[in-house]
Amino acid sequence: MRLSIIIITYNGLGFLTRCLDSLRDFIDKPDCEVIIVDNYSTDGTLDFLRNNYPQLPLILNSENRGVAAARNQGIARATGDKLLLLDNDTEATTTAINAMSLYLDEHPEVGLCSCRLVDKEGIPQDSCKPYPGLMIKARNVLGIGNKMRYIPSEEGIIEPVYVIGACQMFTHEVVDKVGMLDEHIFYGPEDADWCLRIKQAGWRIHCLNNLTIVHDYRRSTRRSPFSKLGRMHIKALLYFYWKHKKLM
């Protein structure tokens, strides 16, 4: 199979309906699969999927297992040569997905690629990130760290430390050599950890800035850093710094 698209969702039915609608060119293609992992939604997501997309592989969790664990469930189920992780609040395009797939074919030195993410108004998101050190995370919480940090090359390529997990495409070979996402990270820098491990294995991380998908971004931890989710994010960061032995 050519491509597996993996979407995790948790009480995001309104976003999920638009996300799946944007993937209509892939849902029934014989060489593609769209896998949904639900982290115990209670907003009608299950009924919606069963009534409207009964053909899609569906993994149901009896609790919210977090981002990394849910993505790993989708990765383990996937049969595609390439895998695409998408957040449920994205609206992809056929052009962007096909171009990312072709780019990986033509650039074997690239282990993972993404594309430019914009909000509903077309404003680019700062999705290409440096190492998530303490000062950068503090600036993000204070709302002063949202300037674009990377300038694309003439070919429209950005090579950051990592790209956020809202849109990541990689080959099954990467999973075989690097392993799954780190499930010690419930919510937070699982995307940074994943990209760092891919780079440590010898691959490069590229963002194709000439391709665009919509990401209706929700920053829960910035709005309430001391909420339960915010505290879990802080715990995950401390684990991340311990694991990589680097604070800045």
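Contact here means that heavy atoms lie within 4.5 Å. In this predicted model, Ser101 touches Arg2, Lys82 and Met169 when residues up to four places away in sequence are not counted. Ser101 has its place in helix 5 (residues 94-106), and with a relative accessibility of 3% it counts as buried, because buried means under 20%.

Asp31 lies in the loop between helix 2 (24-27) and strand 2 (32-38), while Arg2 belongs to the segment before strand 1 (3-9), so the pair ties together parts that are 29 residues apart in sequence. Both partners keep some accessibility: Asp31 is partly exposed at 27%, and Arg2 is partly exposed with a relative accessible area of 23%.

A second salt bridge joins Arg71 and Asp87, whose closest N and O atoms are 2.7 Å apart. Since Arg71 sits in helix 4 (residues 67-77) and Asp87 in strand 4 (residues 82-87), this pair ties together parts that are 16 residues apart in sequence. Arg71 counts as buried, at 4% relative accessibility.

Lys243 is partly exposed, at 28% relative accessibility, whereas Asp193 is buried, with a relative accessible area of 0%.

| Arg71 and Asp87 | 2.7 Å | 16 residues |

Elsewhere, Arg18, Glu91, Lys120 and Asp216 are linked in a network of salt bridges.

Helix 4, which holds Arg71, is largely enclosed by the rest of the structure, because 9 of its 11 residues are buried. Those buried residues are Val67, Ala68, Ala69, Ala70, Arg71, Asn72, Gln73, Gly74 and Ile75.

Thr79 is found in the loop between helix 4 and strand 4, where it is partly exposed, with a relative accessible area of 44%. Leaving aside neighbours within four places in sequence, Thr79 is in contact with Met1, Ser4 and Glu33. Thr79 and Phe48 are 31 residues apart in sequence, and their C-alpha atoms are 25 Å apart in space.

**Two helix pairs**

Two packed helices are described by the angle between their axes and the distance between the axes. How do helix 1 and helix 3 lie relative to each other? The axes of helix 1 (residues 13-22) and helix 3 (residues 45-52) come within 10 Å and cross at roughly 25 degrees. Angles under 35 degrees count as roughly parallel, and helix 1 and helix 3 are therefore roughly parallel to each other. Helix 1 passes helix 3 in a right-handed crossing. On the helix 1 side, Leu13, Leu16, Thr17 and Leu20 take part, and they meet Thr45, Phe48 and Leu49 of helix 3. By residue type, this contact divides into 5 nonpolar, 2 polar and no charged residues.

The pair formed by helix 8 and helix 10 packs at an angle of about 15 degrees, with the axes 11 Å apart. That angle makes helix 8 roughly parallel to helix 10, and helix 8 passes helix 10 in a left-handed crossing. Helix 8 contributes Ala192, Asp193, Leu196, Arg197 and Gln200 to the contact, and helix 10 contributes Phe240, Lys243 and His244. The residues of this contact divide into 3 nonpolar, 2 polar and 3 charged.

Notes. Residues numbered from 1 in each chain as written. Predicted model: local features only at pLDDT ≥ 70, side-chain atom pairs only at ≥ 80, totals over all residues. Heavy atoms only, no water. Helix = DSSP H or I, 4+ residues; strand = E, 2+ residues; numbered from the N terminus. Buried < 20%, exposed > 50% of the residue type's maximum accessible area, 1.4 Å probe, protein only. Salt bridge = Lys/Arg side-chain N within 4 Å of Asp/Glu carboxyl O. Axes fitted to C-alpha atoms, helices over the stretch in contact; angles between N-to-C directions. Parallel < 35°, antiparallel > 145°, perpendicular 65-115°, else oblique. Left-handed = near helix turned anticlockwise from the far one by under 90°. Nonpolar A, V, L, I, M, F, W, Y, C, P; charged D, E, K, R; others polar.
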